[in-house]
Amino acid sequence: METQNHTQVKITAADPSALGLFGLAMVTFVASSQKLGLTDGLSYILPWAFFLGGLAQLFASVQDSKHNNIFGTTAFGAFGLFWFGVGMTWLIQLGFFGEVLALDGDPKQLGFAFVGYLIFSLFMTVGAMETHKVLFFIFVFIDFLFIGLALSTFGIMHEATHMLAAVAEMCIALLSFYGSAAIVLNTHFGKIVLPIGKPFGIFK
């Protein structure tokens with residue numbers, strides 16, 4: 001009987017969270033500038049929505065799945081697809097697909113989409129409590145972002161809820177920049193350069 005030798009090759013993949021958070025940081029940073037009235041229009045937000053908000057987070061999602069990280073896979077995947085959806089919506093609004101499609105849109109449908117993502121964000125916020133505190137607070141501000149987006153889209157206290165969304169989105173951007181930097185520098189130097197806070201430890 002012949003003896004067969006098997007060789008196992010283990011491929012180590014880098015933590016994709018830094019890239020995913022950087023993608024989130026960039027798109028929310030640019031998009032919040034428009035909500036805050038610092039910039040005008042949607043055209044120049046589109047590339048950042050598709051490539052940083054969309055592709056970067058989807059790539060991070062796929063890589064996180066290789067780490068068997070269901071939280072990162074779901075979070076980055078869902079928000080990557082969100083920005084593709086938002087980018088496509090903006091293209092429709094801008095008439096890229098023709099006037100008929102642009103005139104046929106009902107903003108309240110966006111409101112329901114934002115409510116759906118608020119539901120998603122709320123239970124992901126609970127999950128984020130067992131990651132680290134920077135990510136937890138990113139999700140808290142994402143909750144406020146979707147509350148503001150949903151209410152303003154439905155025309156409820158529009159100015160106040162629009163500003164809530166704008167401020168929350170800028171906070172998401174700044175915290176995500178910090179989180180991305182912390183993951184890169186802490187991993188690269190093998191020590192804590194930028195603290196991110198321990199998990200709350202409530203569920204574990």
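Visitor: Is E169 buried or exposed?
Guide: E169 is buried, its relative accessible area being 2%, where buried means under 20%, exposed over 50% and partly exposed in between, with a 1.4 Å probe and protein chains only. Please bear in mind that this is a predicted model, in which local features need pLDDT of at least 70, side-chain atom pairs count only at pLDDT 80 or more, and totals for chains, interfaces and linings use all residues. Residues are numbered from 1 along each chain as its sequence is written, and side-chain values use heavy atoms, with hydrogens and water left out.

Visitor: Which side chain does E169 meet in a salt bridge?
Guide: That of K35, at 2.8 Å from N to O; a salt bridge here is a side-chain nitrogen of Lys or Arg within 4 Å of a carboxyl oxygen of Asp or Glu. The pair links distant parts of the chain, since E169 lies in helix 7 and K35 in helix 1, 134 residues apart, helices being DSSP runs of H or I with at least four residues, numbered from the N terminus.

Visitor: And K35, buried or exposed?
Guide: K35 also counts as buried, at 15% relative accessibility.

Visitor: Switching topic, what does W90 touch?
Guide: Leaving out residues up to four places away in sequence, W90 touches L42, I45, L46, A49 and W83, where contact means heavy atoms within 4.5 Å.

Visitor: How many nonpolar, polar and charged residues line the largest cavity?
Guide: The lining has eight nonpolar, one polar and no charged residues, and among the lining residues are T28, W83 and F146.

Definitions and conventions: 1 Å grid on protein atoms, 1.4 Å probe; cavity = no way out; pocket = protein on both sides within 12 Å on 5 of 7 lines; lining within 4 Å. Nonpolar A, V, L, I, M, F, W, Y, C, P; charged D, E, K, R; others polar. Helix = DSSP H or I, 4+ residues; strand = E, 2+ residues; numbered from the N terminus.
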